[in-house]
Amino acid sequence: MDYKITVLAGDGIGPEVIAQALKLIPVIEQKENVSFSLEDGLIGATAIDQTGNPLPDDTIEKCQASDGVLLGAVGHPKYDLDPTAKVRPEQGLLKIRKSLGLFANIRPVKTFPVLDPISPLKDHLLKGVDFVVFRELTGGIYFGDKGRNADRTEAWDHCNYTAPEIERIARMAFDAAGKRRKKVTLVDKANILETSRLWRETVQHLAPEYPDITLDFMFVDNAAMQIILQPANFDVVLTENMFGDIITDEASVITGSIGMLPSASVGEGAALFEPIHGSAPQIAGKDIANPFATILSLAMMMDHFGLEQSAADIRDIVTFALESGMVTGDIRPNHPKGTSEVGDWVRDSLHQSIGKSSFRPV
Ligand code: IPM
Ligand code: MN
C-alpha cells in the first residue's frame with residue numbers, strides 16, 4: 001500500500017516541528033510494510049514571500065491528489081501589525097480548508113498525568129479529562145458575507161449555516177461518541193442566535209437515530225466556564241466554527257502545554273493533520289519548540305490510514321518521553337532537550353517497537 005502525503009511546513013516553527021514528525025516516516029514504512037510518497041507544498045507567509053499568494057494553486061492540486069496533508073503552522077507577525085494588508089498568511093489556511101472540503105476539525109483534549117503540575121488547573125480537576133471537540137470548519141461567520149458601507153464606518157460579518165452543513169458534522173460527532181463515553185454536548189448560543197437555533201433543531205432531529213448517545217446542550221458562555229470548572233464531564237463537544245475556535249484554545253491549556261495538542265480536519269477528500277499551536281515566530285529556528293503536537297498529529301494521520309498500531313505506539317512513546325524527561329523547555333524549563341533531540345529519541349523508540357505487539361519502554 002502506498003500513501004501520498006503532502007507536507008506543508010509553513011511558517012515560524014512549522015518546518016522544525018514537521019522535520020521531527022517526518023523522521024518517523026521511514027520507521028513506519030518498515031513497521032507496517034507500507035510506503036509513503038511525500039511532496040512539499042507552499043502555504044502561508046512563506047508562500048506569500050515566494051509567490052505573492054498564501055496558497056498557490058499548485059499546493060491545492062498537490063493536496064487534492066494526496067491521501068493526507070501534514071501541516072506545520074501558518075502566520076507571521078509582520079501581517080498582524082498591518083490591518084490593511086491585502087494578503088495574509090491565514091487566508092491560506094482558510095482557503096485550504098474550503099478547497100479540500102474539510103468541514104470537521106477534530107481536536108482531542110486529553111491530560112497526561114505527568115504534566116498535571118504544569119497545568120494551570122488544580123490536580124483534582126484534571127483526573128479523567130478526555131474529550132474531543134468537533135468544530136465545524138467551513139461555514140459560519142468565518143465564511144459568510146463580509147463588508148463595509150460606502151464611507152467604511154460600518155462593517156459586517158454574516159453568520160450562515162444550512163441544515164445539511166450541520167447534519168454532516170453532527171453525524172460524525174454522534175459516531176465518535178458511540179466509540180467513546182456516549183455523550184454529545186452541543187455548544188451554541190441558542191438563546192440569542194438564529195443559526196444556533198437551527199443547530200439545536202437539526203441535532204435534536206438526528207438524535208433519535210443514535211439512541212445510545214446522550215445529547216445535551218450548553219450555551220457557549222457557560223461552556224467556557226465548565227471547560228475550566230469540570231473538564232472531565234465532557235466527552236464529545238460539537239460546535240460551530242467561531243465558538244469552536246475559541247473554546248479549543250481555552251481547552252488547549254488544560255494539559256499544561258499548548259505544544260501537546262494535535263488536530264485532524266476531515267471532510268470530502270484528503271484529510272489534513274496539524275498541531276493546534278501557531279507559528280510561534282519568537283522561538284522559531286532555535287531548536288526549542290515542542291514537536292509533540294505535530295508528532296501526535298502524524299499519529300492521527302496513521303489512525304486515519306488504518307495504521308492503528310503505529311498510531312498507538314507513537315502515543316505511548318510520547319507518554320513515555322514525558323515521563324522520562326525527554327521534553328522541551330515549555331515542559332521542563334530547567335532541563336530542556338532540543339526539538340531535534342526529542343525527535344531523534346521518538347524515532348529510535350519507534351524503531352525499537354518494530355516486530356513487537358505493542359510499545360513497551362525498555
Ligand atoms: C485555528 C486558527 C485559525 C482559525 C486562524 C489562524 C485562521 O486560529 O486553526 O484555530 O481561526 O481557524
Ligand atoms: Mn484558533
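The questions and answers below go through a predicted model, from its domains to its ligand and some of its loops.

Q: How far apart do the C-alpha centres of domain 1 and domain 2 lie?
A: In this predicted model, the protein is divided into domain 1, made of residues 1-105 together with 258-362, and domain 2, made of residues 120-255. Taking the C-alpha centres of domain 1 and domain 2, the distance that separates them is 25 Å.

Q: Which residues of domain 1 lose the most area to domain 2?
A: Between them, domain 1 and domain 2 bury about 1,400 Å², and 66% of this area is on carbon and sulfur atoms. On the side of domain 1, three residues together account for 46% of what that side buries, and those that lose the most area to domain 2 are Lys98, Phe103 and Asn105.

Q: Which residue forms a salt bridge with arginine 168?
A: Across the boundary of domain 1 and domain 2, the rule finds four residue pairs in polar contact, while the count of salt bridges between the two domains is one. For arginine 168, the closest N and O atoms of its salt bridge are 3.3 Å apart, and the partner is glutamate 268.

Q: Which element gives the most residues to the side of domain 1 that touches domain 2?
A: In the contact between the domains, 14 residues of domain 1 meet 15 residues of domain 2. Across this interface there are four residue pairs in polar contact, and on the side of domain 1 at least two residues each are supplied by helix H6 (89-99), strand S4 (104-110) and strand S11 (262-266). The element that gives the most, with three residues, is H6.

Q: Which residue has a side-chain N or O atom 2.5 Å from an oxygen atom of ligand 1?
A: The residues around ligand 1 are Glu90, Leu93, Arg97, Arg107, Arg135, Tyr142 and Asp245. For arginine 107, a polar side-chain atom lies 3.0 Å from an oxygen atom of the ligand, and for arginine 135 the distance from a side-chain N or O atom to a ligand oxygen is 2.8 Å. The residue with the distance of 2.5 Å is tyrosine 142.

Q: How many residues apart in sequence are the parts that lysine 31 and aspartate 313 tie together?
A: The structure holds 17 salt bridges, and in one of them the side chains of lysine 31 and aspartate 313 meet at 2.6 Å, N to O. Because lysine 31 lies in helix H2 (residues 25-32) and aspartate 313 in helix H13 (residues 308-324), the pair ties together parts whose separation in sequence is 282 residues.

Q: Where is alanine 280, which has a positive phi although it is not a glycine, found?
A: Alanine 280 has a phi of about 40°, a positive value in a residue that is not a glycine. Aspartate 287, which is not a glycine either, has a positive phi of about 60°, and its place is in the loop between S12 and H12. Alanine 280 is found in the loop between strand S12 (271-275) and helix H12 (292-304).

Note on methods: Residues numbered from 1 in each chain as written. Chains lettered and ligands numbered in written order. Predicted model: local features only at pLDDT ≥ 70, side-chain atom pairs only at ≥ 80, totals over all residues. Heavy atoms only, no water. Domains from an automatic or database assignment. Contact = heavy atoms within 4.5 Å. Buried area = accessible area lost by both parts, 1.4 Å probe. Salt bridge = Lys/Arg side-chain N within 4 Å of Asp/Glu carboxyl O. Polar contact = N/O pair within 3.5 Å; in protein donor to acceptor, adjacent residues only side chain to side chain. Helix = DSSP H or I, 4+ residues; strand = E, 2+ residues; numbered from the N terminus. Near = heavy atom within 4 Å.
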